[in-house]
Amino acid sequence: MKRALFHVAIFTLLLAWSVSSLAGKTPPKVAMPASLVGAWEEVGGARQLNFESDRTIQQEGDNLTVRGLIRSETRKAPHLLVLRSNGLSETWTFKIEKDLLTLEPTGSAQEDNRKGVFRRLDHVPPNLKLEPLPVSAAKALPPERIQAIQQEFKDRFDREQALLKVLSSPEEQVTKEQKQKAKEQVIKEQKDNLGYLTRLLKEVGWLDSARFGAKTSVQAVIMAKHTHDLRLTMTLLPYAEHDLKDSGDGQTYAVLYDALQLELGRKQLYGTQVAKDRDGHLFVLPMQESKDQVNRRLARMGLPDIDEYLTVLSQAYGSKQKIPCCRQDG
């Protein structure tokens, strides 16, 4: 059975509960084998890779995947890379012969990945450089411009939420055709929201609560998260920290932060993200610190501890089974 892994988008479920660094607490330093560092493109395929010192960035079509390096083993064949993708570890074998790199997933990594042969590029393409988007400095805006942006966000947010509600409705309430139509519409909406947010960042800067109000700022964070654009999430995180972390919307910030860490190939910090195992049971994805340490951090932010959070999360998903915490895998 294909591993079911997902980031829990609980903004709308838990809104009522209402970075200084993108890295959070960094693990002990590991290094990518020097022979791999640099950019590669797939022979006869669409994938491109950029091996950096502690991670690999993969581009395939519109899909960008980051895998963090846990460890490498090159003393004997087959050479191994143990990587972290969306919170969970993957093991790959690799070899370089005649300037060609062969990468092959092993074990559970085979479920969602495939073998490939790659040739080295002489430079790293811009699409494989993971950098934040350009953001204009905040400036005073006329009241009518502020109001127009607030209304635009409300309209976009309400449209997306209505579609997501259809997608999450029980099958007895919504037909498969209705769900499929809603899925197509929400993808279109989120793509349009990505373009809108990107343009606004260049024009007026981030949608901060000081100028646009807390409601619009939170809506902007949620909409940005739902675009699934990694660069956009990286860009907004410091602003979200300033506006949300200690202002009563810490839960939204914690979810955003954890989801980004997992997408960057790291462990989460607040324990907000869960996945399903092969039997369909939810579990908390690996965290950077112990449960006690995380609970102390949550308390300082005025948030419920992990057990209380998981109880609410379990109820939101209609599960009678307690979500276990907390998993560590290196």
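Two strands count as paired if DSSP finds at least two bridges between them. Keep that in mind as we walk through this predicted model.

**The chain as a whole**

Let's begin with the overview. The secondary structure comes to nine helices and 10 strands. The chain has 330 residues, and 45% of them count as buried. Its accessible surface comes to about 17000 Å², with 50% of that belonging to carbon and sulfur atoms.

**Strand S8 and its partners**

Now look at strand S8, which covers residues 116-120. Strand S1 runs antiparallel to S8, and three bridges join the two. Strand S7 also pairs with S8 in the antiparallel sense, this time over four bridges.

| Strand paired with S8 | Residues | Bridges to S8 |
|---|---|---|
| S1 | residues 38-42 | three bridges |
| S7 | residues 100-106 | four bridges |

**Helix H7**

Next, find helix H7, made up of residues 250-263. Its 14 residues reach 20 Å from the first C-alpha to the last, close to the 20 Å expected at 1.5 Å a residue. Is H7 largely enclosed or exposed? A residue is buried when its relative accessible area is under 20%. In H7, 14 of the 14 residues are buried, so the helix is largely enclosed by the rest of the structure. After H7 comes Gly-265, which has a positive phi, near 80°.

Conventions:
Residues numbered from 1 in each chain as written. Predicted model: local features only at pLDDT ≥ 70, side-chain atom pairs only at ≥ 80, totals over all residues. Heavy atoms only, no water. Expected span 1.5 Å × (residues − 1). Buried < 20%, exposed > 50% of the residue type's maximum accessible area, 1.4 Å probe, protein only. Areas by Shrake-Rupley, 256 points an atom, 1.4 Å probe, with all protein chains shown as cover.
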